[in-house]
Amino acid sequence: MTWQVLLREDTNQSRKIKYELVQCKLTLFYDYWRMDEVLEELLPKGMVVPSSYELVGHIAHLNLRTEHLPHRRLIAQVVFDKNRPKVQTVVNKIDAIQNDYRTMQLEVLAGNHSLVTTVVENGIRFQVDLATVYWNSRLGTERQRLINSFKRGDNVCDVFSGVGPLAIAAAKKVNRVYANDLNPFAVKYQLKNIACNKLQGKVEVFNKDGRELIKEILGRENPAFVTQVVMNLPNDAAEYLGLEIYRSILIQKKL
């Protein structure tokens, strides 16, 4: 296209102009290539290239396949290089969540080793420590959907609140929030996040087993004051709705 334009313009000139094609060497360095292009070149042929990760503050959280593990440090370094300064730490989940605190075993593969970070979700800042608490950025849309369904006069009970992503966001809208988590580290960070977002007095925080909290809340003189109950514990939430909890509360009230 460029050559055509030049030639067309030159035909209108009275003088003759000579053109010469010059051969040159163009070297494209590492910074030029995208993350997926670099990994496709460096990883064994035919291997699926990991192209996504969960970003938690400054931490890129990988979830690598078994076939990727021998190359995990190479993959992490490329992710780190291609996403700086946004990404300062790259980790990979070693094992599935298998404990009551819902924390994950993470291996730091690149960058600094700090797992304490600040996450901004829907304009609200949360401090989290991925070594000691649970956080899932992918649940942000679902949390916002729930908050949109709450009314101004609601009193919300979040039985498994973690560091407070739903409880604190809800406190900006509803009348009052009762937030609970079994993990004392999650409760510690939730109290920090409540103070950081200036919501003291709007959120009452508990550090109990979820069953105990339900018994305490429903065992009060006026349990109807709780209008919304949230239980984000996919594997076990149904267990907390067991009839024995409600039977024991009713028996105690009759006595």
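I began with the second largest pocket, where α4 gives the most to the lining, with 3 residues. Helices (H or I, at least four residues) and strands (E, at least two) are DSSP runs here, numbered from the N terminus. For bookkeeping, this is a predicted model, where local features need pLDDT of at least 70 and side-chain atom pairs count only at pLDDT 80 or more, while totals for chains, interfaces and linings use all residues. Residues are numbered from 1 along each chain as its sequence is written, and side-chain values use heavy atoms, with hydrogens and water left out.

**Pocket**
I looked up the volume of the second largest pocket and got about 250 Å³. It has 18 lining residues, and the closest to its centre are Leu139, Arg143, Phe160, Leu166 and Asn232. I also noted that α4 (140-149) and α5 (165-171) each supply at least two residues of that lining. The search ran on a 1 Å grid over the protein atoms alone: a pocket is an open set of points with protein on both sides within 12 Å along at least five of seven lines, a cavity is a set where a 1.4 Å probe fits but cannot get out, and lining residues have an atom within 4 Å of a point. Points are joined across faces, edges and corners, and a volume is the space filled by probe spheres set on them.

**Cavity**
How many cavities of 30 Å³ or more does the whole structure hold? I found 1, and the largest cavity has about 30 Å³ of space. The elements giving two or more residues to its lining are β6, α4 and α5. Again α4 gives the most to this lining, with 4 residues. Among the lining residues I wrote down Asn122, Phe126, Arg143 and Ala169.

Most residues other than glycine have a negative phi, and most peptide bonds are trans, so I went looking for exceptions. Asn122, in the loop between β5 (116-121) and β6 (124-129), has a positive phi near 55°. Asn122 counts as exposed at 52% relative accessibility; the cut-offs are under 20% relative accessible area for buried, over 50% for exposed and partly exposed in between, with a 1.4 Å probe and protein chains only. Lys198 also has a phi near 55°, and I placed it in the loop between α6 (184-196) and β9 (203-206). Lys198 is exposed, with a relative accessible area of 70%. Then there is the cis peptide bond between Arg84 and Pro85, with omega about 0°. Pro85 is in the loop between α3 (72-83) and β3 (89-93).

**Thr117**
Buried or exposed, I asked of Thr117? Thr117, in strand β5, counts as buried at 5% relative accessibility. Its contacts (heavy atoms within 4.5 Å), leaving out residues up to four places away in sequence, are Val56, Gly57, His58, Ile59, Phe126, Gln127 and Val128. From Thr117 to Leu130 I have 8.1 Å, C-alpha to C-alpha, at 13 residues apart in sequence.

**Strands β8 and β9**
I checked β8 (residues 176-180) and found 4 bridges to β9, the two running parallel; strands pair if DSSP finds at least two bridges between them. Val177 stands opposite Val203 in β9.

**Whole protein**
I count 8 helices and 10 strands. Of the 255 residues, 39% are buried.
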